[in-house]
Amino acid sequence: MGYVIVAILIGCEVGFWLLLGLGLASRYLWNRRRLSTALLICVPLLDVILLAASVMDMRSGATADLRHGIAAAYLAYSIVFGHSTIRWADAKFRHRFADGPPPWQPPAGGMARARYEWIFWLRIVLAYAIACAFLFGLIWLVNEPSRTGALIDFMLGLLKAPLIALLWPLGYTLWPKKVESSGA
């Protein structure tokens, strides 16, 4: 079932964007709100499919590797950033195809931008924690260190993401970009 995890992972990613695109097209281009709602509600089901596939793979005797780590990272991203990604795409789509207002933009600079970057970084840390929780759950479920050692290695490697992302809030805090005043 090893490569099946990769196929399911790719299928979930393609499915996410397909369901999102069709859901937004249903809402704004075809005026089918019920269909749009149904399609957008299906998006989290992709996460359930990926979670079930990963657990079944490990329970069937697989040795954990990069695939299981990537699945955990995908699930964590989807949990933490999925809703805001859908909101972002909805705002872009509404603006482009339904004469909606321009999408929200983060603050241009100053301490407001630093605050925005710190909040975003905390969400990255939360996603990392959720990925680790899922991987620790797999380790506990399998209870065979010889089959799950790669998951610990993956968690240590994944730690680079929040550490590197820390550069943005630190940069905006230590060297805030000046915001041009709109006064006369």
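Biologist: How are α3 and α4 oriented to each other in this predicted model?

Modeller: Two packed helices are described by the angle between their axes and the distance between the axes. Here the axes of α3 and α4 cross at roughly 140° and come within 8 Å. Angles over 145 degrees would count as roughly antiparallel, and α3 and α4 are therefore oblique to each other. Their crossing is right-handed.

Biologist: How many residues does the largest nonpolar core have, and which have the most contacts inside it?

Modeller: In soluble globular proteins, nonpolar side chains tend to be buried together. In this structure, the largest nonpolar core has 40 residues, and Phe16, Leu20, Leu50 and Leu135 have the most contacts inside it. Two or more residues come from each of α1 (2-28), α2 (33-59), α3 (66-97), α4 (110-142) and α5 (145-158). Helix α4 gives the largest share, eleven residues. As for Leu20, its contacts beyond four places in sequence are Leu40, Ile86 and Ala89.

Biologist: Is Phe136 buried, partly exposed or exposed?

Modeller: Phe136, found in helix α4, has a relative accessible area of 47% and is therefore partly exposed. Beyond four places in sequence, Phe136 touches Ile152 and Met155. The C-alpha atoms of Phe136 and Ile152 are 8.3 Å apart in space, with the two residues 16 apart in sequence.

Technical notes. Residues numbered from 1 in each chain as written. Predicted model: local features only at pLDDT ≥ 70, side-chain atom pairs only at ≥ 80, totals over all residues. Heavy atoms only, no water. Core = buried A, V, L, I, M, F, W, Y, C linked by side-chain atoms within 4.5 Å. Buried < 20%, exposed > 50% of the residue type's maximum accessible area, 1.4 Å probe, protein only. Helix = DSSP H or I, 4+ residues; strand = E, 2+ residues; numbered from the N terminus. Contact = heavy atoms within 4.5 Å. Axes fitted to C-alpha atoms, helices over the stretch in contact; angles between N-to-C directions. Parallel < 35°, antiparallel > 145°, perpendicular 65-115°, else oblique. Left-handed = near helix turned anticlockwise from the far one by under 90°.
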